[in-house]
Amino acid sequence: MKALMLVFCSVWFVFVGCKNADNGELAANAAKTYYEYLLQGKCDDFVAGMHQPDSIPESYRTQLVDNTRMFVAQMKKEHGGLKEVSVNGNSYNEKTQTCDAFLMLSFNNGDTEQIVVPMILRDGLWLMR
């Protein structure tokens with residue numbers, strides 16, 4: 001619950017800071033915020049940014065957090081860790097209230113990788129699908 005509140009507050013600040021931004025930009029900035037949690041080692045907050053049913057078993061949430069930690073460890077092993085996350089564009093669909101956020105991940109060894117983060121708008125909050 002605490003992690004969800006942190007995610008909500010972080011995304012809310014993104015929304016407030018981007019008053020004039022369109023929904024695609026808001027979604028992309030939310031995705032960036034979630035991936036920046038990986039930089040900070042906040043795997044619980046990253047998982048809280050995933051679109052889930054209203055409630056999931058605690059054992060499943062724990063598995064998601066553990067998988068996220070393994071993902072971070074793999075990035076560290078292969079690329080020296082994540083250095084920076086930046087928005088590289090978006091593709092917003094107003095009809096379905098979804099967006100593909102294009103992020104550029106920069107790693108400590110100099111590598112970069114563009115990823116697509118599918119996002120969905122639920123109850124005024126952009127979440128990763």
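Here are some friendly notes on this structure, point by point.

1. A word on the model: this is a predicted model, in which local features need pLDDT of at least 70 and side-chain atom pairs count only at pLDDT 80 or more, while totals for chains, interfaces and linings use all residues. Residues are numbered from 1 along each chain as its sequence is written, and side-chain values use heavy atoms, with hydrogens and water left out.

2. Start with the strands E1 (residues 82–93) and E2 (residues 98–107), which run antiparallel and are joined by nine bridges. Helices (H or I, at least four residues) and strands (E, at least two) are DSSP runs, numbered from the N terminus; two strands pair if DSSP finds at least two bridges between them. As one example to look up, Tyr92 has Cys99 in E2 as its bridge partner.

3. Now follow the turn: E1 and E2 make a hairpin with four residues between them. Gln97 sits in this loop and has a positive phi near 55°, although it is not a glycine. Gln97 is partly exposed, at 24% relative accessible area (buried means under 20%, exposed over 50%, partly exposed in between, with a 1.4 Å probe and protein chains only).

4. Asp123 is another residue other than glycine with a positive phi, near 50°. You will find Asp123 in the loop between strand E3 (112–122) and strand E4 (125–128), and it counts as exposed at 84% relative accessibility.
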